[in-house]
Amino acid sequence: MITTREQERKARQDKRFVSKQTQTSAKYLRRIAELSGAPDGMEPFYRALLRIYVDMQGVNVPQGVKTIGTYCVMAPQELIYAAGAMPVKLCSGNYTAFFVGDDIAPRDACPLVKAVAGFKHTELMPVYDDCSMMIVPVTCDCKKKIAGMLEGKCDVMTMHIPATRGDDEIDSFVSQLYELAARLEDVTGNRITYDSLANAFSMVGHAQYELSEFVRLKKQHPYLIRGTHAMTMMNAAAYMSAPAWANAMHRVNVSLRRRASSGQTVTGKKLPRILLTGSPIVFPNMKIPLLIEEMGGIVAGDETCMGERGMYDPPVITDNSFDGMMRALANRSLRPCPCPTFADNSQRLFRLKQLIRDNQIQGVIYLVLRGCLVYDFEYKRIEEELGRLGIPVIRLESDYNEEDVEQLRIRIEAFIELIKLRQAPEKKPTIRRDFNEQVLHRA
Amino acid sequence: MKSRKRIIITLLVCLGLAALAYFAYMFPFYEFETNDYEASREKLFSLEYLKTLVPLFIIIGLSALGIVLIIWLRKLMLKTDKNYSRFSGRQPVRKTKAPKQKPVPFMIIRWAVMIVFAFLMIWGGLLFGLKMSSVSIPILSCPWNTEQMTESSCYYLSHLSELFELPISSILIFFGSTLAFIILLGRAVCGFLCPMGLIQDIMDKIRTKTRTEGISANEKVYNALTPIKWCMVLLFIGLCFIGGNFCNFCPAVATSPILAGMSTSLYVSGFLMIFALIGGFFKRRLFCNICPLGYIVGLFHKFSLFRIKKDCTACTECGACYEACPMGIKTIYTERGKIDVTEANCIMCGECVKCCPEDKALSLTCAGIKLYTSSRKDIMSGYAPKKK
């Protein structure tokens, strides 16, 4: 029996949770918006994040359209759109939910999972509570347990992610996608037909087209946009429908193109170019990209799940039958994904090298969320390999709170100074030559 | 245990193939009373021409029947599978098409070359008087068509015992021209010139047009085909020495001579042609995977001018090239060091380059000149917003 006092206590707690949650989210959104050099057309992305985190509303969908939550980019959105539903990425970066989840999940669990557990416990976030079904690809132990924890309120489908990416694994993943399609049909009551799947492909494909344009612009014109803004756009994709996101992205691309043709850059200065990689960075946990850019660096590229990686790889249809499209999805989900859940993940290293080459990166910041073992495992190898290329790397370990901000600030500032020193200002070599000449003269 | 079983099965298959090839003359598919190798331009436009085409019609009819049967059987088999059966009948209702990239010049040129060359090979001699019979190209275009534009190396390679009875100058011309083609073009002859390849590509086009699902790339399929390929090579070279005739076995006999208006009796080759057509329908260029002549040409892949080059840093290992490759070459996406990824099996069809989503990751070069380079823009061209 629940007494009135307990009820009151719960209501008080909820109220505190809501006010704290909206405050932090609004604060980070403001910090992002205040950052200089934002391109025109960012408003739709801000609005999407504002709606979810500050106004505490569900995603913007027409009446009757069900939302399906996903916990990883390996769950293909195309299938969800084909079933007439709307996919939402539920991986969380919320500090307030993290504090709640801290008591539920074990101490060593990663903050992302703790935050999800927190939202599940409080049942106050409409994005989570509106979901008709949740898809949890089991990419690590924490995800496996969170899948069990989420069970009960809505349908939860776990997807087995194999440790390797051989032909047999792809085949079994295809049959898993069929199972997923069947369950999606049951939940939404819509049929996934050839036509709906093909339309879903074009819908998501259009968004990917705009993204690839964006990536190309960014590559050709360095200092065109700040990484924090880019990451905000990618994060907003989690709560926007693909066509809406593509439209918003198109407007940004147009403004960026205008910027590029007039030779305009973010600050007009040559900022140290930094690549951000490692554990997922989910709004509102944007402290690290914000710190980097506030300390005078620029996040010139990111290799994180909620960043460009999520939609970067297009599904390539080599067989235009229904089964061929399912296979294209399975192939896209597993093979190009540089997720550390795979046993042999040397392709992540190549992906990083590619990003470094394309974006003229000068330093790499490797974020490890406390307890995120798979990403932590890969740090050593990446540090070694990039060291051979002469690219400095630092590992930042962080949690979902603001206690370590000052410590992070010092480390990031030092790292940026280091890159600036290595950048070799123009004056130095001439002094050195003079000095040499003097020495020679004397001799 | 499992591998032993597999070895026994492949050995049995190969033995069966060998027996079939040796006694090929005993299994007539369609026999004319007399084989008439006389063809003329007039004959092409007379009713008699239709009579020579009869075996071809039978082949096409039987293949169509086989394809329909296989599709029906597959549906029946999938009925027991809980998940697949639900989706097995999901055929397009409206005219919606799966997103497709816009055609690229390379592919258009390849198709044009294939079609024009096959046409000239078969009818060139009859219609336009084009004949340069001394030059041999290593393709499966049947030399029983005596009016062929040019010689095909397959006859003398499979009848080596006869080759050495020829005058020395002919032998030199034969080897010279064959080697020249092998070194200049390599297996690009398979992808660009071979009429057998064209037939299989047409079957694949029919499949994509009807949106039937094919057999997807799997290493097991290719592993099973490799011993059969070796067996075919042995038969191809060795059959003449033990008194057999590879031509009674070769599926290519069923096209060129018949289309040129020569009444040619078909033996096992007719059955094999049906196999090649049905196989080519479900698995693109299936016969090329076991083609003995292609294998011999492929042995010299290190010297040929056509190469597939890869920028390993740009690759994301998405495996699209492997999925698209009709020859099942896996190293093309797993390779992470070498620039040159040309393989013995590569037929230079350019599918991998077409499907590669990374800018400049894959390119098809000839003597160092880039003919075709992958680009994301091409891949995404199907998704580009329509211009208002």
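These questions and answers walk through a predicted model of a complex with chains A and B.

User: What ipTM does the predictor give the complex?
Analyst: Start with confidence in chain B, where the average pLDDT is 86. In that chain, 99% of the residues score at least 70. For the complex, the predictor reports a pTM of 0.90 and an ipTM of 0.88.

User: Which element gives the largest share of the side of chain B that touches chain A?
Analyst: The contact joins 44 residues of chain B to 41 residues of chain A. On the chain B side, α5 (82–87), α17 (320–324) and α20 (376–379) each give two or more residues. The largest share is four residues, and it comes from α5(B).

User: Which residues does A:Leu177 contact, leaving aside its neighbours within four places in sequence?
Analyst: A:Leu177 is among the residues with the most contacts inside the largest nonpolar core. One of its partners, A:Leu79, is on that list too.

User: What is the handedness of the crossing of α10(A) and α13(A)?
Analyst: The axes of α10 (residues 227–236) and α13 (residues 305–312) of chain A come within 8 Å. They cross at roughly 60°. The contact uses A:Met231, A:Met234 and A:Asn235 of α10(A), and A:Met306, A:Gly307, A:Glu308 and A:Gly310 of α13(A). The crossing is left-handed.

User: Why does A:Val156 count as partly exposed?
Analyst: A:Val156 sits in strand β4 (residues 155–160) of chain A. Beyond four places in sequence, A:Val156 touches A:Met134, A:Val136, A:Ala147, A:Leu150 and A:Glu151. A:Val156 is partly exposed because its count inside 10 Å is 19.

User: What separates the C-alpha atoms of B:His159 and B:Gly238?
Analyst: B:His159 lies in the loop between α7 (154–158) and α8 (160–163) of chain B. B:His159 is partly exposed, with 17 other C-beta atoms within 10 Å. Along the chain, B:His159 and B:Gly238 are 79 residues apart. Their C-alpha atoms are separated by 8.4 Å.

User: Is the peptide bond from A:Phe283 to A:Pro284 cis or trans?
Analyst: A:Pro284 lies in the loop between β5 (273–278) and α12 (287–294) of chain A. Omega for the bond is near 5°. The bond is cis.

User: Is A:Gln360 buried or exposed?
Analyst: A:Gln360 lies in the loop between α15 (346–359) and β7 (363–369) of chain A. Its phi is near 45°, a positive value in a residue other than glycine. The cut-off for exposed is 12 or fewer C-beta neighbours. A:Gln360 has 11 inside 10 Å, so it counts as exposed.

Technical notes: Residues numbered from 1 in each chain as written. Chains lettered and ligands numbered in written order. Predicted model: local features only at pLDDT ≥ 70, side-chain atom pairs only at ≥ 80, totals over all residues. Core = buried A, V, L, I, M, F, W, Y, C linked by C-beta atoms within 7 Å. Buried ≥ 20, exposed ≤ 12 C-beta atoms within 10 Å, placed from the backbone. Contact = placed C-beta atoms within 7 Å. pLDDT = per-residue confidence, 0-100. Axes fitted to C-alpha atoms, helices over the stretch in contact; angles between N-to-C directions. Left-handed = near helix turned anticlockwise from the far one by under 90°.
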